[in-house]
Amino acid sequence: MKPLQELVRENIWALKPYSCARDEFKGREAHVFLDANESPYNQEYNRYPDPLQEMLKAKLSRHKGVHPSQIFLGNGSDEAIDLVYRIFCEPKTDNVVAISPTYGMYEVCADINAVEYRKVPLNANYQLDSQKLLAATDSHTKVIWICSPNNPTGNDLDPDSIKQVLTEFDGIVVIDEAYSDFSSCPPFRTQLGSYPNLIVLNTMSKAWASASVRLGMAFASQQIIALFNKVKYPYNINKLTQEYASALLDDSFKVQRWVAQIKEERAHLLPAFRELPVCKEIYPTGANFFLVKVTDAPSIYHYLVDKGIIVRNRNRVEMCEGCLRITVGTPQENNELLSALRQYR
């Protein structure tokens with residue numbers, strides 16, 4: 001890895017972050033707060049939230065096996081994705097490399113930040129070719145994006161190929177593990193100490209069943225997380241989100257049951273789906289969804305919409321022609337889907 005200062009945009013490295021009122025007396029006791037122009041009324045909600053979410057990170061640290069100083073919390077994973085561009089990529093100069101197909105927000109954020117986005121197609125088995133990925137880089141490549149389990153393909157990417165990229169690329173490697181709780185592969189966040197250029201993304205939207213709460217996570221070295229905290233907006237995670245997430249972490253056994261139920265239902269749903277006349281091929285999945293090639297993706301998609309059943313039409317996505325992406329639901333939802341497709345003509 002290059003020295004971190006060489007990877008970070010010059011203006012970001014020199015940036016003096018906004019000083020939150022609460023940070024200025026940190027470590028000292030206080031009971032009268034006249035510093036932040038808050039209203040003294042409507043207790044519980046009149047004060048700005050903890051800008052660094054320290055209590056929540058302490059709980060999350062125990063669940064994820066990552067030190068609190070190696071955790072960034074964002075307004076969904078999308079905030080962390082955008083911050084990667086803002087911290088490391090000089091607009092109209094630098095570029096990033098990503099597998100294709102993959103999660104669309106990596107490219108959207110590249111376009112927003114005026115950063116060239118280079119796609120490297122996966123092979124026919126939806127696996128990455130580490131040599132092709134590395135060959136697409138040049139002296140202005142700051143970041144490589146990898147999603148595993150990948151979206152929309154659903155499969156786990158080969159860990160050895162990912163490790164080769166981490167070892168041989170001298171810039172930042174981001175591994176998005178949004179769906180890792182549904183996979184049997186060990187998460188890369190446990191290997192932060194081995195790869196100083198690694199950033200791992202995670203979220204409460206999937207396994208933690210809290211998409212509407214909008215809480216994303218990034219795990220990285222203490223130095224990289226310090227840069228995230230330097231650039232983020234001061235109070236990016238509100239008090240209600242912090243309280244909700246803290247309570248859910250206290251009830252993590254419930255979340256484990258949800259994950260187990262989804263994996264069990266996935267094991268029942270896939271064989272049943274293979275028997276449908278519309279099914280041509282189901283691709284391997286380590287996520288809470290699967291990609292399936294069907295006889296007529298647009299027609300079947302609209303047929304299901306008319307039945308009030310919404311899946312994702314991926315027919316126009318590169319290498320996903322003729323495919324639908326289907327999330328594993330409750331047994332009742334999955335049965336309704338299967339019943340509707342058995343009647344499709």
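How many cavities of 30 Å³ or more does the count come to? The count comes to one cavity in this predicted model, where local features need pLDDT of at least 70, side-chain atom pairs count only at pLDDT 80 or more, and totals for chains, interfaces and linings use all residues. Residues are numbered from 1 along each chain as its sequence is written, and side-chain values use heavy atoms, with hydrogens and water left out.

**View 1. The largest cavity has a volume of about 100 Å³.** A cavity is a set of points on a 1 Å grid over the protein atoms alone where a 1.4 Å probe fits but cannot get out, and lining residues have an atom within 4 Å of a point. Of its 14 lining residues, Ser148, Glu177, Cys185, Pro186 and Phe188 lie nearest the centre of the largest cavity.

**View 2. The largest pocket holds about 750 Å³ of space.** Tyr48, Pro49, Asp50, Met55 and Gln242 are the closest to its centre among the 21 residues that line this pocket. A pocket is an open set of points with protein on both sides within 12 Å along at least five of seven lines, and a volume is the space filled by probe spheres set on the points, which are joined across faces, edges and corners.

**View 3. Leu198 belongs to the largest nonpolar core, which has 48 residues.** Such a core is a set of buried Ala, Val, Leu, Ile, Met, Phe, Trp, Tyr and Cys residues joined through side-chain atoms within 4.5 Å, buried meaning under 20% relative accessible area with a 1.4 Å probe and protein chains only. Leaving aside neighbours within four places in sequence, Leu198 is in contact (heavy atoms within 4.5 Å) with residues including Leu166, Val173, Ile175 and Phe188.

Technical notes:
Buried means under 20% relative accessible area, exposed over 50%, partly exposed in between (1.4 Å probe, protein chains only).
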